[in-house]
2 protein chains.
Amino acid sequence: MYDRMQELSRQDMEKIHDAAMDLLRTTGVAFNDEEGLQIFKDNGFKVDGNKVFFQESDVQKALETAPKRFTVHARNPKKSVEVGEDDFVFLPGYGAPFVMDAKGNERQATMEDYDNFCKLIQTSPYIDMNGWMMVEPADMPHQTVHLDLNLSNMLLCDKPFMGSPVSKKAALEGVEMAEILWGGKEKIMDKTVSVSLINSLSPLQFSDEMIGSLIALAKNNQACVVASLIMAGGSGPVTLGGVMALQNAEILAGITLAQLVRKGAPVVYGSTSSAMDMKTGALSIGAPELSKNIHLVGQMARFYNLPSRAGGGLTDALCTDAQAGVESAVALTTAARAGVNFILHSCGILGSYIAMSFEKFLVDEELCGMIRNMFKPVSLTDDAIDLDMIKQVGIGGQYLTHPKTFKLCRTEFYMPSLMSRKNKDAWAKAGKQHIYQVAEDKVAQRLAAYEKPEINPDIEKELTDYVEKRKTK
Amino acid sequence: MYDRMQELSRQDMEKIHDAAMDLLRTTGVAFNDEEGLQIFKDNGFKVDGNKVFFQESDVQKALETAPKRFTVHARNPKKSVEVGEDDFVFLPGYGAPFVMDAKGNERQATMEDYDNFCKLIQTSPYIDMNGWMMVEPADMPHQTVHLDLNLSNMLLCDKPFMGSPVSKKAALEGVEMAEILWGGKEKIMDKTVSVSLINSLSPLQFSDEMIGSLIALAKNNQACVVASLIMAGGSGPVTLGGVMALQNAEILAGITLAQLVRKGAPVVYGSTSSAMDMKTGALSIGAPELSKNIHLVGQMARFYNLPSRAGGGLTDALCTDAQAGVESAVALTTAARAGVNFILHSCGILGSYIAMSFEKFLVDEELCGMIRNMFKPVSLTDDAIDLDMIKQVGIGGQYLTHPKTFKLCRTEFYMPSLMSRKNKDAWAKAGKQHIYQVAEDKVAQRLAAYEKPEINPDIEKELTDYVEKRKTK
């Protein structure tokens, strides 16, 4: 298809591949985790201190066993999702320490906020999966908060969810809770029920927490997104060409480890690299460089036959304003069009990941709905074109009262749930509201109307007991 | 390239083509203009009253002479633009009766507003052409306002501009003014210096004003966008498949007439059809159906080897809020990516064409800049990837102080002129402004810093005298 965005040739992709292979072979990647290093040694890799060196054949072997798609099972089987190839999922924002309210006041996030995001996800027509740490609750003990987040994910929402990669222990506890929810270890060894985010520490490193989690999750057949977030000009080269090579090396290194742990472990090729703002030295995720990277990452993942992660509704704006709308729409539509499969951060993020906003969540969610609609192909059957009707209405006729219009008018078009189509008088009469103000009311309505999805009370008790026991241990 | 947006197969496009041919042959198109009807008769078309019937060979002949690209010359030759194939232009909003201010107060537009938009266009790094009737000045006599608009376009801005299609007389006066500006009729018969918008009156009609203008402009080698704006479910079928067929018939009918008037007259295949909002009965231009249509129109125009028009930064929102940002970004990026060549309404539109906003103009303009940047391919030369540097920085190193970062940091990344990358403390200190408030200040600064481009004073006087004379006639 004609597109003014850059299409990588096979030669381009091979060049990025070769550059990454060179780095993996000569510079290597540091894995700050003994178990991880031992796995590499056991598989005959050259290891020097914490540095691991890869041969191209090692990476190729991993790419042969990594699946090109997988299902993430939900406890409500109707809500299971497919990740890979043409299938993709929208997920909420991730990792924000603050909540920004509609008045522009920021505050530390609480467990109640986290639960409220779970409730919005549960009631969302467009968010396909529950996330992880949409906000970091400051009112919960740091050491055990992952247990509470898992519990909320499992009880407040019956969609598939993300897992806890904060440490090996936390990852394993997440797996144990999933085993309770599904009724036994053998149940989840058969099916992937969570996806966790494993970030590299650019350039060319992985922390012990991330590698410990990756090993624990891959062993248990739980999916890992292996992602690199390079700040071009800071933690990586100032050129996007250099970023492509560097992130490719990091991602392939992590994916190779996952396949050594368990052949066929579901993995996702991920990146959210973007530009450093040269005035402030901070990461900019409203920058067009983010979308350029997203677009190329989608292509590189397909080159490797892997599902991809990039995205999402990202912005540097600190309020739900026109800047937030523009930047989020550019990045999210780019990710969705580029074939990205796991679109994290689709909804809610403000200020370069610093905060989540309930109002922005709803605006972004509507955008997700618009995007899904845009991808539905226009039907060109004889019945859809209906030349007879066009001839019948003829020159200067009108279609409004035609029976076909009556028949289809409720189903043919996308119906916005938030965006306003009021005319100027109706808009003025309703108080000239900006959309974030409309969203503020809708958030309250959505939360008030929320109903907890049914769950076997024995399982709920077992999960709650598990969390209590672990907390007091 | 992989894309989740619909790709029309050759068969799909032929189906849309055949449907349009059937309509043109059997139902025909009404041209409410004697001169137009006479041209068709003289060329052997079947004409019945005001209805003209087309054979496929008539359309094919027109498509053979219509150019696939053309230059629009600016009086400042550095600012001439190319329309067609990979080349495209961003233009401002068109036809809004109101100005919406930053406080949400609407008022009737004035000539001063029109001039201010000309000044913003002149000083814009991203808007390539001046428009036409960005706003309709309510303080000027209706009969002669086109003269004032032409004069402002020519004097306040030295970019190429759009022409006046409000009537045959107005179109010819625009041509005469262009002759003064360029120094004689022969000058503009050689080169296209304006592009005018000729809209059909759906379904299957053209008004006398539009046809009179089209004939006058095509005769004088001035470009015409032949565009159909169908409201699906109102002035056209409720299905987008039906809309594609109907608009194709209308556009090809207009283009055929232009080629009968003058073989090789530059024409553009245009559409901004969208959905009717079934709750209000009004056109929705924030609807995803708009972008679906844009995406398909780009493909149909390429099928015919014609430049295309669709777009742009369109929204139903009545203020420059997150909805305006999302909707405008979705439609504008879709148009630019789809290969659309003439992207009208790129900047400023609010409320489904009811108003222009100076603040939104600046937000949309920044989006145009982001889009241009996104299309610049990432360099994958050895120098751009620079493996030696990546190896040198190595594991855990940093790139911020590397000489290459210093060398490239000012040129490698897009530098926003409006969008904020402030951190939360700096943003709070600056008053927690939404971007429309920042834009309000920037509009004032831009207008204050505006300088009228140089022009030969004799030509300026001749143009001013022409307008005065015509007004008093």
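Analyst: In this predicted model, chain B and chain A bury about 11,200 Å² between them, and carbon and sulfur atoms give 67% of that area. On the side of chain B, the residues that lose the most area to chain A are B:Met1, B:Arg4 and B:Arg337, together 9% of what that side buries.

User: What makes the pair A:Asp3 and B:Arg337 a salt bridge?

Analyst: The rule asks for a side-chain nitrogen of Lys or Arg within 4 Å of a carboxyl oxygen of Asp or Glu. The closest N and O atoms of A:Asp3 and B:Arg337 are 2.6 Å apart, so the pair meets the cut-off of 4 Å. Across the interface of chain B and chain A, the rule finds 12 salt bridges. Residue pairs in polar contact across this interface number 51, both residues being at pLDDT 80 or more.

User: Which helix gives the most to the side of chain B that touches chain A?

Analyst: Helix α11 (residues 322-337) of chain B does, with 12 residues. By class, that side of chain B has 62 nonpolar, 38 polar and 28 charged residues.

User: Which residues meet where α1(B) packs against α3(B)?

Analyst: B:His17, B:Met21 and B:Leu24 of α1(B) meet B:Glu56, B:Val59 and B:Gln60 of α3(B). These contact residues divide into 3 nonpolar, 2 polar and 1 charged.

How values were computed. Residues are numbered from 1 along each chain as its sequence is written. Chains are lettered from A and ligands numbered from 1 in the order in which they are written. This is a predicted model: local features need pLDDT of at least 70, side-chain atom pairs count only at pLDDT 80 or more; totals for chains, interfaces and linings use all residues. Side-chain values use heavy atoms; hydrogens and water are left out. Contact means heavy atoms within 4.5 Å. Helices (H or I, at least four residues) and strands (E, at least two) are DSSP runs, numbered from the N terminus. Ala, Val, Leu, Ile, Met, Phe, Trp, Tyr, Cys and Pro count as nonpolar, Asp, Glu, Lys and Arg as charged, and the others, Gly among them, as polar. Buried area is the accessible area (1.4 Å probe) that two parts lose on being put together, summed over both. A polar contact is a pair of N or O atoms within 3.5 Å; within protein, one must be able to donate a hydrogen and the other to accept it, and residues adjacent in sequence count only if both atoms are side-chain atoms.
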